[in-house]
Amino acid sequence: MFNSTSSLSPLAQDTYSGTFEQIDMHYVSLNYAEKLWLAWYTYMQNDILATGLMSLAMHEAVYFGRSLPWVIIDAIPWFRKYKIQQHKIPTKYEQFQCASLVLLSHFTVEIVQIWGFHPFCQFFGLDTSVPFPSITKMAYQIAIFFIMEDTWHYWAHRAMHWGPLYRSVHKIHHQYSAPFGLAAEYASPIEVMVLGIGTVTGPILYCAITRDLHILTMYFFIVLRLFQAIDAHSGYEFPWSLHHFLPFWAGAEHHDVHHERFIGNYSSSFRWWDYVLDTEAGPEAAKRRREKKIQSAAARKKVQ
Ligand SMILES: [Zn+2]
Ligand SMILES: [Zn+2]
């Protein structure tokens, strides 16, 4: 195992490519991605800065990179037939205003969290060394983190719909009754922090208990969670949307109704919490609730 810390400083060069060449020569057993990773930490000579810059770049690239296809889709009338709330297409100005606030929040509130990420990970023993863990291990750990995040999200989000919390915190996120990709992180800094805690608490708890988590697994989880949040806000429902194949997956259809009706559908990735606790939103859920009422009223009459 090779530690990605400054102990490898003799291999550090003036440029990243020079450092990579040194790593490439000395660590032939590593794969290409592992060499890139090790060269980055060796070149930076400062783990906090190396992780901080990498996290920030990753967050911006993934957030805006994933939102861009939705901006393009909004501009193409052919896609209108798949839009859930067809009459509410975001204007260019709305998209620009939304992206500006999200950027402002990334470079003020979130930068502090991102910078504190490495010391935090080190404290809880997250692994940053190479070689990387196996794909299977990463996959089952990420599945566990998704289940944990969804649970946190359900309760925190439901709590934020309580009057005083809604008015002081969550209202900003509900500015758009028909959401679009860029609006995923359009929220009060308090909300960003509370939901952000939900994203990192699962992996941190898991690592504290098992002492077996690589920071790369955490990165993959955060990237997939960003994809999930942006897609859930896209406002589009396709015949090939994931929830048609995985019925418990929430997707855009689930969250769009939440923005439209302001009530119900509180979870992020899965549908089970809303189903079990009867907080599903939309006309179908209302119909089911009505039928249930009629049935229980009929049952009561029979007993009498
Ligand atoms: Zn809400
Ligand atoms: Zn939302």
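Predicted model: local features only at pLDDT ≥ 70, side-chain atom pairs only at ≥ 80, totals over all residues.
Tryptophan 249 sits in the loop that connects α9 (215-232) to α10 (251-261). Tryptophan 249 counts as partly exposed because 17 C-beta neighbours fall inside 10 Å, whereas a buried residue would need 20 or more. Leaving out residues up to four places away in sequence, tryptophan 249 touches Leu242, His243, Ser269 and Phe270. Aspartate 274 lies 25 residues from tryptophan 249 along the chain, and the C-alpha atoms of the two are separated by 12 Å.

Taken along the principal axes, the box filled by the C-alpha atoms is roughly 85 × 50 × 40 Å. The protein is divided into domain 1, covering 1-45, and domain 2, covering 52-303. The centres of domain 1 and domain 2, taken over C-alpha atoms, are separated by 35 Å.

Burial and contacts come next. Of the 304 residues of the protein, 32% count as buried. Among contacts between residues at least 6 apart in sequence, 65% join residues that are at least 24 apart.

Which residues touch the most other members of the largest nonpolar core? They are Leu126, Ala183 and Met218, in a core of 29 residues. The elements giving two or more residues to this core are α3 (47-75), α4 (92-115), α5 (117-123) and α9. The largest share of this core comes from α9, which gives 8 residues. Apart from this core lies another, of 10 residues, including Ile23, Ala39, Ala50 and Val130.

With its neighbours within four places in sequence left aside, methionine 218 is in contact with Leu126, Pro203 and Leu213. Of these partners, Leu126 is also one of the residues that touch the most other members of the largest nonpolar core.

Note on methods:
Residues numbered from 1 in each chain as written. Chains lettered and ligands numbered in written order. Helix = DSSP H or I, 4+ residues; strand = E, 2+ residues; numbered from the N terminus. Buried ≥ 20, exposed ≤ 12 C-beta atoms within 10 Å, placed from the backbone. Contact = placed C-beta atoms within 7 Å. Domains from an automatic or database assignment. Core = buried A, V, L, I, M, F, W, Y, C linked by C-beta atoms within 7 Å.
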